[in-house]
Amino acid sequence: MDNLAVADHPGQLDELVARIQSYIPQADTALIRRAYDYSARMHGEQKRKSGEPYVIHPLNVALIIAQLRLDLPSVVTGLLHDVIEDTGASLDELQGLFGEEVARLVDGMTKVSKITFSSREEKQAENFRKMIIAMAHDIRVVLIKLADRLHNMRTLDHLPPDRQEEISRETLEIYAPIAHRLGIYWLKSELEDFAFRYLNPSAYAMLKADVAKTRAEREDYIRSVIEILSRRLKESGVEAEVTGRPKHFFSIHSKMQQEELNFDQIYDLVAFRIIVPTLRECYEALGVVHANWKPIPGRFKDYIALPKVNMYQSLHSTVIGPRGQRMEVQIRTREMHAVAELGIAAHWSYKEGAGPAQSRDTERFAWLRRLIEWQQNLKDPQEFLSTVKDDLFAEEVFVFTPKGDLLDFPQGATVIDFAYRIHSQVGQHLAGARVNGRMVPLRYRLKSGDTVEVTTAERQTPGKDWANHVITARAKSRIRQWLRQQQSERSLELGVSLIDRELEPLGLSVAQLRGKGRFEPALKEFSHRDDDSLIAAVGYGIVTVAQVLGKVLTPDELKLYRGERPATLTPPAHSEKDQRAVKEQRRAIGNAVIVSGVGDMLVRFARCCNPLPGEAITGFITRGRGVTVHLAGCPHALATDPQRRVPVVWKAGDETPRPIRLEVLCVDQPGLLAAMSKAIAAAGVNISTAEVKTTGNDGRALSLFELKVTNAAQLNNLMHSIAAIDGVMRVSRLGQHNGANHHRV
């Protein structure tokens, strides 16, 4: 479990050759030795941070690749994977010496190795896209990269702490989930344990010590259970191999964190595995286990009947074993065990000089095809990275179509996700659904074993809230795409209406200007590809009518336009209510916020979070109403269409008072309201309204204040002052989502 030593001895090359010959007897061993000699010669005097000759690294990577039982070109690539990046070797030279396939794999590894995951989400997402594309082109590239990462983690001791933490976080967030998705569980576990060791060294050391204390007792327990299981299976006529192993550190730590348990409260530290010759004997062995030990309800999973996406198959059951301890038992055939140990590598077959063979294995990579589709459809990098991480970590749900086809979904997927999985048009026109024969709402969350049937209607289209009830990238992408298209069409209509209204006194119209190509100067000025996108921008409120007309009208037309219009160039509102709202916002906001370097945009503040100067903010373009400003962490802002977000900043020196609401929980006693009012007045803050009510018979009172403050610093000082009053229990800012303003005593 603590495999942190680096294999390094003169016989490593012989060990590599022997390991390959164990599963490829006819392997060209001369090619392996030639690749090793070339790598050693090209890396020459290069040293690793440990002081070892650099060639030790590619040799160890090749050993891990052979442990995965990959083909000969993959092993040779392991030996050569750094020569282009770190030495003077060229791709043409590699192709001449080792063939086109090896050169292609080394080139793929070189490109993937240049990916550096940084803390900036957008850069990380773009790099992850490259990883996904590399996986699509040849999955062996990523398998080799995983071997490379594993050996780097085994030798991470020699790097400074900041690099250890950075690489470990990247390993835990990206590479371990990929290994899990590829079904290589031993590699995933080792990557997680190394990452855990460097990210939380104190917890790792403590857990390692706790495990060591109970080692003798645990080993005795494992021997006892193996003996009992083997005897009972033999008595039942089931030929089986029984093994037991302790769970790895990171999985124990994760369980302790999730269930808030101490180490001595974790009982299922050991997992037992029963390997049998046939599928029938899997279920017979399960019967033997359940006949001897009581199964724990809800802890049985049949991954044989319903395999995981990566085609992992096994029976899992947790039972109350000897000494009253919980223990997990996994039952599988030898073929299933090979898949569980090698994952995707157990199925990936190659033809000489060609890509992956087309076979029944195609279904095993459906999730990979979906990743490719997502990276093409999701334009917002943060959304892409979030979606991919969610999918890598997600537990699968398996449902049936009416024809009996089995489909997999991430946990939490709904009927809408199912419809879009069948076909985009089925999703776009989804009208209703039946699950197991009964009608269900479209937001129904799918459960394993459900049979789902959907109905469509030509006039049915996605609702605005559909995006809140789906979790698959395909569904999210299609829904948002459709909503954007609809909004774009409405914005275009509104833009035409606004411009036509301003042009009417001049005897002109949008149609006339279009026909004469007069929008061309405005297209260049405001960086739009065509007339429609420019006019839609007017409808959105991104560009004003006056700004457009200033570029498309002749000087004489502009004089006439300005002579007939008021001094303000703000486009007319669409109703009296809108006009009042615009005037009110103009008075309240002025030029407090600068939008993308422009100070005269129509701007309003979101009521859901009421941002204040000094707080991080983001802008969202609202159709026909300019830009709405939210707090950067506001959930409503994060849920908006990424393509309509714009950067906004506070203008320096703005002191316009802004409304906020405070909630104060306090002891119900005389004089407290007066004390709070005095603290508010002392802070130079005006009270718009105040409401006080008792919360019941618990001796508490709740006060709600509507105040006007000028900035976040003034509000924080005020909240601190109120929180310091004797009898005040909590001060909270309402309508503010990032948790920054919250005071307790």
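1. Two strands count as paired if DSSP finds at least two bridges between them. Helices (H or I, at least four residues) and strands (E, at least two) are DSSP runs, numbered from the N terminus.

2. The model is predicted: local features need pLDDT of at least 70, side-chain atom pairs count only at pLDDT 80 or more, and totals for chains, interfaces and linings use all residues. Residues are numbered from 1 along each chain as its sequence is written, and side-chain values use heavy atoms, with hydrogens and water left out.

3. Within the sheet, β12 and β14 (residues 627-631) run parallel and are joined by 3 bridges. V603 has V627 in β14 as its bridge partner.

4. For the protein chain overall, there are 30 helices and 21 strands. Of its 745 residues, 50% are buried (under 20% relative accessible area; exposed is over 50% and partly exposed lies in between, with a 1.4 Å probe and protein chains only). The accessible surface is about 35,800 Å², and carbon and sulfur atoms hold 50% of that surface; areas come from the Shrake-Rupley method with a 1.4 Å probe, and for residues only the protein chains shown count as cover.

5. Among contacts with a separation of 6 or more, 65% are between residues 24 or more positions apart. A contact means heavy atoms within 4.5 Å.

6. The structure has 9 aromatic pairs. Rings of Phe, Tyr and Trp (its six-membered ring) pair if their centres lie within 6.5 Å; planes under 30 degrees apart are stacked, over 60 edge-to-face, and the rest tilted. Y221 and F272 make a tilted pair because their planes are at 55°, with ring centres 6.4 Å apart. Y221 is in helix α13 (residues 215-235) and F272 in strand β2 (residues 270-276), so this pair ties together parts 51 residues apart in sequence. Y221 is buried at 3% relative accessible area, and F272 is buried at 1%.

7. Y303 and Y312 form an edge-to-face pair, 6.0 Å centre to centre with 70° between the planes. Both of these tyrosines, Y303 and Y312, are buried. One aromatic cluster is made up of F196, Y204, F249 and F250.

8. R421 places its charged end over the ring of F409, 5.1 Å from the ring centre. The criterion is NZ of Lys or CZ of Arg within 6 Å of the ring centre and within 35 degrees of the ring normal.
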